[in-house]
Amino acid sequence: AFTDRVEAWVPPRKGVRHALRLVRDALALPAPHEGTAPAAALDFASTAVRRHAIVFLVSDFLMEGWQRPLARCALRHDVVAVRLATPAMQGRLERLVRVRDPETGRETVLDFASRRVQRAWNARLAAWRERTDEALTRARVDTIDVAIPTERSPDAIAAPILRFFRMREQRRRGR
């Protein structure tokens, strides 16, 4: 787990109990520092995990500086990018929305009822998606897109992850 530094480290293990521990720890971990900088966490994973492992990077990928450390980590490990998207990042809003840059804390209000705002927002989203897709593809990293749900739904997060593992299993069988 990381913010602008590595906050917690759990050595890799196999099994359901270990997976449940990781989920529990991730949900309970306080974030004592501001900002996010996955470069330090990716560099740490590249060197601390000696054997080949699956490394999941859960992020919105809005910050800069993650591309090269991700590619380096992917040379050594099987890296899976779990790309989180808020409703605003999905371009699905049609009302006034206060948005906050998680890196700088700067807030602004967007009027999604305006076609001009929708077009500008959607253009920025498309450019962001294209940049991240290109960097992830170049690094040969698989991606799971997870939409952060606006309502409680047990399938909202589990469904994309299950689809990913089914796809991986089919891909492995096809070899």
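Gly35 counts as partly exposed because its relative accessibility is 22%, where buried means under 20% relative accessible area, exposed means over 50%, and partly exposed lies in between (1.4 Å probe, protein chains only). Gly35 is located in the loop between helix H1 (16-28) and H2; helices (H or I, at least four residues) and strands (E, at least two) are DSSP runs, numbered from the N terminus. The structure is a predicted model, in which local features need pLDDT of at least 70 and side-chain atom pairs count only at pLDDT 80 or more, whereas totals for chains, interfaces and linings use all residues. Residues are numbered from 1 along each chain as its sequence is written, and side-chain values use heavy atoms, with hydrogens and water left out.

Two separations along the chain were computed between C-alpha atoms. Gly35 and Arg173 are 138 residues apart along the chain, and their C-alpha atoms are separated by 41 Å. Gly174 and Asp4, 170 residues apart in sequence, lie 40 Å apart in space, C-alpha to C-alpha. Gly174 belongs to helix H5 (residues 154-174) and is exposed, with a relative accessible area of 67%.

Two packed helices are described by the angle between their axes and the distance between the axes. Helix H2 (residues 38-48) packs with helix H3 (residues 67-76) at an angle of about 20°, and their axes are 9 Å apart. Axes are lines fitted to C-alpha atoms, for helices over the stretch in contact, and angles run from 0 to 180 degrees between N-to-C directions. H2 is therefore roughly parallel to H3, since angles under 35 degrees count as roughly parallel, over 145 as roughly antiparallel, 65 to 115 as roughly perpendicular and the rest as oblique. In the contact (heavy atoms within 4.5 Å), Ala39, Leu42, Asp43, Ala45 and Ser46 of H2 meet Pro69, Leu70, Arg72, Cys73 and Arg76 of H3. The residues of the contact of H2 with H3 comprise 6 nonpolar, 1 polar and 3 charged; Ala, Val, Leu, Ile, Met, Phe, Trp, Tyr, Cys and Pro count as nonpolar, Asp, Glu, Lys and Arg as charged, and the others, Gly among them, as polar.

An open sheet is formed by 3 strands in the order S1-S2-S5, with parallel pairing; two strands pair if DSSP finds at least two bridges between them. Strand S1 (54-59) and strand S5 (142-147) stand at the edges, each with a single partner strand, so one side of each has no neighbour in the sheet. From one strand to the next, the twist averages 20°. S1 pairs with S2 in the parallel sense over 6 bridges, and Phe56 has Val80 in S2 as its bridge partner. Strand S2 (residues 78-85) also pairs with S5 in the parallel sense over 6 bridges; the bridge partner of Arg83 in S5 is Asp145.

Most residues other than glycine have a negative phi. Phe61, in the loop between S1 and H3, has a positive phi near 60° and counts as buried at 2% relative accessibility. Arg140, in the loop between helix H4 (115-138) and S5, likewise has a positive phi, of about 60°, but is exposed, with a relative accessible area of 77%.
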